[in-house]
Amino acid sequence: MADARIAPQTPQIIRREDYRAPDWFVPEIALDFDLDPTATRVQATLKVERNGAHDRPLVLNGDALAAESVLVDGVEAQGWTMDGPDLVIPLTGESHTIETVVTIAPERNTQLQGLYASSGMLCTQCEAEGFRRITFFPDRPDVLSKYKVRMTGDKARFPVLLANGDPIAQGDCEGGDAGDGRHWAEWHDPFPKPSYLFALVAGDLVANKGHFTTMSGRKVDLGIWVREADLPKTDHALHALKLSMAWDESVYGREYDLDVFNIVAVDDFNFGAMENKGLNVFNSRYILADPDTATDYDYDAIAAVVAHEYFHNWSGNRVTCRDWFQLSLKEGFTVFRDQSFSGDQGSKAVKRIEDVRGLRASQFPEDSGPLAHPVRPDEYIEISNFYTATIYNKGAEVIRMMSTILGPQKFRAATDLYFDRFDGTAATCEDFVRCMEEAGGVDLTQFRRWYSQAGTPRVSANLTQEGGKARLKLAQSVPPTPGQPVKEPMVLPLKLKLFGGVTGRPMCDEQLVLLKDAAQEIVFENLSETPVLSINRGFSAPVIVETNRTAKDLAFLSAHDDDPFARYEAMQQLMLDTLVAAVTSGKGEHGAVIEAVRNTLTDASLDQAFIAEAVLLPSDSFIGDQMGVVDPDAIFAAREALRGDLGKALNAEWRAAYDGAQANRFEYSPAAKGARRVKTVALGYIAASGAADAAELAFGQFEAADNMTDRQGALTTLVNGNSEKRTEALESFYQRYQSNFLVLDKWFQTQALSSRDDTAQAVEALANHKDFTLANPNRARALIGAFSVNQRAFHDVSGRGYRFVADQLIALDRLNPQTAAKLVPPLGRWKRFDAGRAAKMRAELERIVATPGLSKDMFEQASKSLD
Ligand code: ZN
């Protein structure tokens, strides 16, 4: 017998190659909940069917559950056992009815997985493996069941009882003590679904109700459920839902399939939102908006997340995943769909720029660090750790590349085929790619490496001219990643075009080059002038491109390229080259950037949102990502110097842009959003110039603002500075919003992101503020998460930032492992820093790994980060 005291605490590794079809199916399940925050009784009745000829017992997953009774076909079961957390029942026949009873305590559930309490309501989160914290069940996505749910609870406390599917009946409990003020409701979901899509909500909620009539004439009742006080903040989400429903019909031919669609906003939530069938549960930050409390960024994010979860009804629910290694099948595809939707609501180019910026900020570092993994991983310890930028955002890029290769018509034919062929089933990434091949008439054998190889491909593109000829030499390589030392060439769809360096005229049509080999050459003939290369237009492949273009070429493209993304990209590259040179040499040559920014800023043909994106300098961390050894202080100094010079040299232009962007009254439209964005960017440069009136200007904007975008923009500018208006603004913001926890998150976050040199101390103090709590994930992320991506502050040479974050993560892990584990990656970047910082970062990771009682979520993230 193993000695528990010396048994190594090495959690089990789950491997993709070990996949086996389920031993037992569960075509039907009936759940009966007696709801109570301290003790909820859950009775589950499962119809189980043996899958094929075998003699293995029925294994029902559990997590911290104790079976109070187990019945097989109505009689007390004999011989059931527990295998760790799981319930094992030997069965003799081909099909049986299993009944179990457990009691759980939602109020004590701080992990926010399974059934938990949030602001007085009860709600669930089951993806990926939370259902096993509610009842015993084969908790894997390839077991699909029809659900019947009955809930009983106190009517005053829980007047609203919601679950998946359609409402069937409801009523008051009658007679005796049991009936005292209690009521019940029943919901049936006719669509078989995996357990991770189960949801229930019980609470004192009201709904903003709407209707949508689908393309075949089905009338759907829509409801956005919130606390009564929040009702005025739900119109934007409801509107976004209707837009999403119409968009999925017109773009993908996909229609909604139930009579009701409900969304509930919850204050305590581990991530953005969840696509439970017919009952989406959302982090309230992705529902609630009004001009006074939400920024334009928030408005856009709400629409994107509402769309994302709605689109999952097809890409995720009607066709689900066979196993969790296939997670990107639903997430990558659904992100691609929500990105396309958002692009269609405003400027496609600006949306693409935002998405690429996000990819570079989160996915590229992941792909070059210790937690790099393929879009379809091969193994995991805790699946929650794999809800990553790679699965979501690189996954979306992989779908985008296939749509580029196929073209719009064939891509649509391929998604039709996919939805038709796999409707009602649990599918794989391979199934999806095969549909692309069949309907697209293409061979994607080599392309599949995008699913299996981790790491961001690097492309070098060198254009040389010999008389009337130009030769483009392309080469690619994929860097080694953990467990994958050697890589094969990928298929890279590169959109490219040449422009005349003198006339600015296009010298050819845009071409789509599929780079498949390690190297390839393309020759352009009959050139009448010196060409300038525009490559990876629209960011057609998620790669890092290195070219031999000069500062002059980049400045030229930033003014003349006819692809807005490429124009932005040329400017970014010019800025990056300038900053990296400044960091390494210690002195900056800023003339070319200043002229390029001046050109863009004063180009009347450009839309304001684009201008605001294009003139923003790359972030500290993105500059760091370009360097062998990151020097946070030198990077900060170089970036501030360039900001200062841009502010001074273009003072008149920033002032003009600022004044021109003074909107009258709040309006949520692409034009008004663009104007606000330019305004705050210009304000930032005016402040960077050291202008004497900058703080007054910012404070004036702060006080006069009729919307959160302007107010927070002004606050950020003040918080980064040293004026006495800083304290006044922070105090006034706090007083005004202290009872609104979503806005209070912004108060914490803005301070955690401050570029001041006392930010580490300030953040330590804020962790002791009476409004700070680790129990709410949004609040924890607003302070700890934001601070740890503030490159300069987090990497304070003393190491206090590392120690502080590690302390917080160890404390958070005891409450909420999922949320804690998500915050580990910044510490895992130690290899990129000097020996002194690296040693301090490692020491904190080691301290985390050595913590007694560490969750497997944290163990996996922290121990892999040490390698
Ligand atoms: Zn999703």
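Predicted model: local features only at pLDDT ≥ 70, side-chain atom pairs only at ≥ 80, totals over all residues.
Are H312 and E331 buried or exposed? Both of them are buried.

The zinc ion takes its protein donors from H308 (NE2), H312 (NE2) and E331, with E331 listed for two OE donors. These atoms lie 1.9 to 2.8 Å from the metal. What about the geometry? The four donor atoms subtend angles of 52 to 160° around the zinc ion, so the arrangement is irregular.

Now step back to the region as a record describes it. An unreviewed UniProt entry carries the annotation "domain: Peptidase M1 membrane alanine aminopeptidase" for residues 237-450. Within residues 237-450, the chain is 55% helix and 10% strand.

Next, the cysteines. You'll find zero disulfides in this structure. Take C321: the closest cysteine sulfur belongs to C429 and is 7.3 Å away, which is too far for a bond. C321 counts as buried because its relative accessibility is 0%. C173, on the other hand, comes out at 21%, so that residue counts as partly exposed.

As for cavities, the structure holds four of 30 Å³ or more. The largest cavity has a volume of about 60 Å³, and the residues lining this cavity include S119, M121, R227, D230 and D267.

A few spots in the backbone deserve a look. Most residues other than glycine have a negative phi, and most peptide bonds are trans. The peptide bond from E127 to A128 is cis, with omega near 0°, and A128 is in the loop between β11 (121-125) and β12 (145-154). A64 isn't a glycine, yet its phi is positive, at about 60°. You'll find A64 in the loop between β4 and β5 (69-72), where its 72% relative accessibility means that it counts as exposed. F539 isn't a glycine either and has a positive phi of about 55°. This residue lies in the loop between β30 (531-535) and β31 (544-547), but at 0% relative accessibility F539 counts as buried.

Finish with two more stops along the chain. A555 is in helix α9 (residues 551-560) and, at 22% relative accessibility, counts as partly exposed. Its C-alpha atom is 9.4 Å from that of Q573, 18 residues apart along the chain. D867 is in the segment after α27, and with 62% relative accessibility D867 counts as exposed. From D867 to T750 the C-alpha separation is 33 Å, and the two are 117 residues apart in sequence.

Key
Residues numbered from 1 in each chain as written. Heavy atoms only, no water. Donors = N, O, S within 2.8 Å, 3.2 Å for Na, K, Ca; no water. Tetrahedral: all angles 85-135°; square planar, octahedral: opposite > 155°, others 65-115°. Buried < 20%, exposed > 50% of the residue type's maximum accessible area, 1.4 Å probe, protein only. UniProt positions renumbered as here; feature names shortened; annotations may be inferred. Helix = DSSP H or I, 4+ residues; strand = E, 2+ residues; numbered from the N terminus. Disulfide = S-S within 2.5 Å. 1 Å grid on protein atoms, 1.4 Å probe; cavity = no way out; pocket = protein on both sides within 12 Å on 5 of 7 lines; lining within 4 Å. Points joined across faces, edges and corners; volume = space filled by probe spheres on them.
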